Amino acid sequence: AAYQAACARGERAIAYQGRYELEPSESGADWIQHFTIASKSAENSYTYAPRSAFGLINLLQGNGFAVSRPALERAPFRAFSIVEDAEYAIQLAAAGVRVEFVNEALVRSRSTRSIQDAAPQRLRWASGTLQLLGRGLPRLLRLSLTRRDWRLAEAGIMLLLTSRLLVGYLALFSIGLLLLLPHTLAWTIGRSEERRVGKECRSRW
């Protein structure tokens, strides 16, 4: 139905991303699974759906996407990195092919069972995303300037902000600040108190 509506608009070269949700594993769900499932659902509702509604460039999610034949002819699948879904989404954007989010097309898969299982996968994705940023971000910014299309530049910024590695570094940096802040404040207060006592002693003499 979504493709028929796109054809009626004269938009045959198009890709679709369904609503990709996670569900608990067979062994039951712990807090990390509940958090992962909730964050994935929020990503669909508050990132992919609004971006599609406003005509912005969307990423593919790896599962539950379809690409029309005219879109494949315009942008053949040549994505072979660890994060091939995001890489191909950039190739589609560069070719002028839009990724439309289809909320009614629901795809489910099981979440990882524990944080021990999820950690290697997240690190692998983060490594792949970092490599993709080095290639894809300059390309999107360059195309944005040559085509005068601000949406390509915005897609590059979105790719940067959705990088799991960047989010991880920001989280570690924030934790470091929180740990260092009490010691820094204590050292500053101590130095101020030393100066005050020193001035009082000098004034008495």
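This is a predicted model: local features need pLDDT of at least 70, side-chain atom pairs count only at pLDDT 80 or more; totals for chains, interfaces and linings use all residues.

Colleague: How does one look for empty space?

Modeller: Rolling a probe the size of a water molecule over the atoms shows where empty space is left. On a 1 Å grid over the protein atoms alone, a cavity is a set of points where a 1.4 Å probe fits but cannot get out, whereas a pocket is an open set with protein on both sides within 12 Å along at least five of seven lines; lining residues have an atom within 4 Å of a point. Points are joined across faces, edges and corners, and a volume is the space filled by probe spheres set on them.

Colleague: How many cavities of 30 Å³ or more are there?

Modeller: There is one cavity of 30 Å³ or more. The largest cavity has a volume of about 40 Å³.

Colleague: Which residues line the largest cavity?

Modeller: Its lining consists of Ile57, Leu59, Ala89, Ile90, Ala93, Leu140, Ala155 and Met158. H4 and H6 are the elements that give two or more residues to this lining; helices (H or I, at least four residues) and strands (E, at least two) are DSSP runs, numbered from the N terminus. H4 gives the most, with three residues.

Colleague: And what classes of residue are in that lining?

Modeller: The lining of the largest cavity has eight nonpolar, no polar and no charged residues. Here Ala, Val, Leu, Ile, Met, Phe, Trp, Tyr, Cys and Pro count as nonpolar, Asp, Glu, Lys and Arg as charged, and the others, Gly among them, as polar.

Colleague: What about the second largest pocket: what is its volume?

Modeller: The second largest pocket has a volume of about 200 Å³. It is lined by 15 residues, of which Ile57, Ala93, Gly96, Val97 and Arg151 are the closest to its centre. Its lining has eight nonpolar, three polar and four charged residues.

Colleague: Changing topic, how many aromatic pairs are there?

Modeller: The whole structure has three aromatic pairs. Rings of Phe, Tyr and Trp (its six-membered ring) pair if their centres lie within 6.5 Å; planes under 30 degrees apart count as stacked, over 60 as edge-to-face and the rest as tilted. The planes of Phe77 and Phe80 are at 90° and the ring centres 6.2 Å apart, so this pair is edge-to-face. Phe77 and Tyr88 form a tilted pair, 4.8 Å centre to centre with 55° between the planes.

Colleague: Is Tyr88 buried or exposed?

Modeller: Tyr88 is buried, at 1% relative accessibility, while Phe80 is exposed at 69%. Buried means under 20% relative accessible area, exposed over 50%, and partly exposed in between (1.4 Å probe, protein chains only).

Colleague: Finally, where does Asn44 lie?

Modeller: Asn44 lies in helix H2, residues 31-53, and is buried with a relative accessible area of 0%.

Definitions and conventions: Residues are numbered from 1 along each chain as its sequence is written. Side-chain values use heavy atoms; hydrogens and water are left out.
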